[in-house]
Amino acid sequence: MDNVKRVAIFGADGATGRQAVSQAVAAGLQVRAIEPEWPDDPGLPDGVETRTADVTSDDLGPVIEGCDAVLSCIGLPLTARTAMSPPPLYTASAERYVAAMEATGVRRLVVISATFVATRDRGPFLFRVAATAALESIFTQMGEMERLLRASDLDWTAVRPGWLMAGDATGDYTVTPEMIAPGLIRTRHGDLAHFMLRCLENDEWVRRTPAIARKEARRDESASRLVAEAMGRKPS
């Protein structure tokens, strides 16, 4: 990360964003954490600068000015409402990232997409059916986000995790081009954040869509658990 000293992290208060903030600070980066709003005590590591901005409606130039890279850890909550009619979070944010970064000269952007943009053929059969039915609109929107990034001149990377789960970084995840490897389905938030920060270290994944996943305990990969999550229910 020799060329990256200050990073702007959008969605910094989310499950992946919190991991990215803490890992970036531990790596010696200066962090600007960005959310639509912050509580009086956001509980972030010392030295983290907080800013407010809505990625779907605000001019993002002022909040990324002076940064060397942008990490987008934004995401939609898994609910029936967002599955049926998702707000244009991914497409609107991509448009505003591109406009702001072109205006400010910030070139490096890493965003979260999903392996399911490339294939639905991962995980148990019942999970594939449930996930496709519940989240097709979101996966389609992520694909449009990637198209918008490809049309830009930015040095972007769209990381495609598998089905996200809680967990700190392990560092032993598997990265493959385009889609996660057969036999894998899960990606920890901590590992996703770790790999997003790794993408800032070199140009290996610039203008590409790497996929990341890790073999987890069978309980976390069971069909019933995955289906419950895909349908927006709390796993038993």
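I began with Arg214, which counts as buried because its relative accessibility is 16% and the cut-off for buried is under 20%. The model I am reading is predicted.

I looked up the partner of Arg214 next. Arg214 forms a salt bridge with Asp172, and the closest N and O atoms are 2.4 Å apart. The two residues sit in distant parts of the chain, 42 residues apart. I placed Asp172 in the loop between strand S7 (163-165) and S8, and Arg214 in the loop between S10 and helix H7 (218-221). Asp172 is partly exposed, at a relative accessible area of 46%, whereas Arg214 is buried.

I then asked how many salt bridges the structure holds. I noted 15. I went through some of them.

Asp155 and Arg107 form a salt bridge, with 3.3 Å between the closest N and O atoms. This pair also links distant parts of the chain, 48 residues apart. Asp155 belongs to strand S6 (residues 155-161), and Arg107 to the loop between helix H4 (89-104) and strand S5 (108-112). I checked accessibility for each: Asp155 is partly exposed at 25%, and Arg107 is partly exposed at 39%.

Arg225 forms a salt bridge with Asp220, where the closest N and O atoms are 3.5 Å apart. Arg225 is buried, with a relative accessible area of 17%. Asp220 is buried too, with 16%. I also recorded one network, in which salt bridges with shared partners join Arg6, Arg32, Glu49 and Arg51.

**Glu35, a charge without a bridge**

I turned to Glu35, in strand S2 (residues 30-35). Is Glu35 buried or exposed, and what is the nearest side chain of opposite charge? Glu35 is buried and has no salt bridge; Arg18 is that nearest side chain, 7.3 Å away. I listed the contacts of Glu35, leaving aside neighbours within four places in sequence: Gly11, Ala12, Asp13, Gly14, Arg51, Thr52 and Ala53.

**H5 against H8**

I looked up how the axes of helix H5 (residues 125-150) and helix H8 (residues 223-230) run. They come within 9 Å and cross at roughly 5 degrees. The two helices are therefore roughly parallel to each other, since angles under 35 degrees count that way. On the H5 side I noted Leu126, Phe127, Ala130, Ala131 and Ala134, and on the H8 side Leu226, Val227 and Ala230. The residues of this contact divide into 8 nonpolar, no polar and no charged.

**Positive phi**

Most residues other than glycine have a negative phi.

Glu178 has a phi near 75 degrees. I found Glu178 in the loop between strand S8 (174-177) and strand S9 (186-188), partly exposed with a relative accessible area of 38%.

Arg207 has a positive phi of about 60 degrees and is not a glycine. I placed Arg207 in the loop between helix H6 (189-198) and strand S10 (210-213). Arg207 is partly exposed, at a relative accessible area of 36%.

Conventions. Residues are numbered from 1 along each chain as its sequence is written. This is a predicted model: local features need pLDDT of at least 70, side-chain atom pairs count only at pLDDT 80 or more; totals for chains, interfaces and linings use all residues. Side-chain values use heavy atoms; hydrogens and water are left out. Axes are lines fitted to C-alpha atoms, for helices over the stretch in contact, and angles run from 0 to 180 degrees between N-to-C directions. Helices (H or I, at least four residues) and strands (E, at least two) are DSSP runs, numbered from the N terminus. Angles under 35 degrees count as roughly parallel, over 145 as roughly antiparallel, 65 to 115 as roughly perpendicular and the rest as oblique. Contact means heavy atoms within 4.5 Å. Ala, Val, Leu, Ile, Met, Phe, Trp, Tyr, Cys and Pro count as nonpolar, Asp, Glu, Lys and Arg as charged, and the others, Gly among them, as polar. Buried means under 20% relative accessible area, exposed over 50%, partly exposed in between (1.4 Å probe, protein chains only). Lys and Arg count as positive and Asp and Glu as negative; His and the chain ends are not counted. A salt bridge is a side-chain nitrogen of Lys or Arg within 4 Å of a carboxyl oxygen of Asp or Glu.
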